Amino acid sequence: MVSAVFHSPLDAAPVVAQNAMNNVASSASSASARSQKQSKTAMAASPAPTAPAAPAGRDWAALSRGFWMAVLPPLCGLGLLVGLWAVVSATTGNSIPGPVETWKQAQEIFSNPFYRNGPNDQGVGWNVLMSLERVAVGFGMAALVGIPAGFVIGRFNFLSRMFNPLISLLRPVSPLAWLPIGLLVFKGANPAAIWTIFICSIWPMIINTAVGVQRVPQDYMNVARVLNLSEWKIATKILFPAVLPYMLTGVRLAVGTAWLVIVAAEMLTGGVGIGFWVWDEWNNLNVKNIIIAIFVIGIVGLVLEFALIKLATAFTFEEVKT
């Protein structure tokens, strides 16, 4: 007996509806994917947005402001100095020459700075050069002795404990106290002045170099010990690059000390030199030339300081520069 199964149209309706909904969803998904792909393609094809260029007027204003901030404060300081100088000159009855009279005298002096009218009558140029020569000799000898001594004292703890009391004892001694010792030993004014420069400028180089050696990280020394490096290689490959900023700071301090010392030494020893020129003009009661000599001493010291700062900056790591 065969029985047939009949499906009602109402039973097939949900299946058809479900298929239709799936087809619609698939079409919508495909359309959405195509839309996103086209959007990404359009974004990739479009040029990247660029930041708006700064107006030229704004750059010029920033440049002008930087220029005036670099120039105006020093000019204000110089103007303040000249103003105080003029006030002091007026209140002392012109016993101290004013800026105008001193400027006229300076023009006359620097019109011929290298004249020679005898051993004790020479231009300011020759006096400055002679002082710089003494400073170069004394400072060079101090560097040759002080920098290696600083390395050795900083490297070995025994030597550091041995020499620290001596350095602390001798460093505060006035330059004028060392000058008679130089006159007694060397029997001459010029070597005595050089000796005074040497003994007074050696201490900053020893101290700064020793401190730099002592501040080298211990990890560097541990690596050197593991590699069995010799003392020469430790000094040249590890210590010298690390200590260089400290050493150059000591050199900069030492050259300033040397320039201070030579003026005082030449006042007492005589001969040609900027210090002796100041003392000779005082004996002649020429106050204008004394004031000019003060400015010359300051300018030369400033040039030496600036040159050594540039040297230290060129050989110093970036983080130390700041």
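**Salt bridges and helices**

Me: Is R252 buried or partly exposed?
Reply: R252 is partly exposed, with a relative accessible area of 23%. Buried means under 20% relative accessible area, exposed over 50%, and partly exposed in between (1.4 Å probe, protein chains only).

Me: What am I looking at, and how was it handled?
Reply: This is a predicted model, where local features need pLDDT of at least 70 and side-chain atom pairs count only at pLDDT 80 or more, while totals for chains, interfaces and linings use all residues. Residues are numbered from 1 along each chain as its sequence is written, and side-chain values use heavy atoms, leaving out hydrogens and water.

Me: Which residue forms a salt bridge with R252?
Reply: E305, with the closest N and O atoms 2.8 Å apart. E305 sits in helix α11 (residues 287–314) and R252 in helix α9, so the pair ties together parts 53 residues apart in sequence. A salt bridge here is a side-chain nitrogen of Lys or Arg within 4 Å of a carboxyl oxygen of Asp or Glu.

Me: How many salt bridges in the whole structure?
Reply: The search finds 3. One of them pairs R134 with E266 at 2.5 Å between the closest N and O atoms. R134 is in helix α4 (residues 124–155) and E266 in helix α9 (residues 231–269), 132 residues apart. Both R134 and E266 are buried.

Me: Switching topic: how many helices and strands?
Reply: 12 helices and 0 strands. Those are DSSP runs, numbered from the N terminus: H or I of at least four residues for helices, E of at least two for strands.

Me: And what share of the 322 residues is buried?
Reply: 30% of them.
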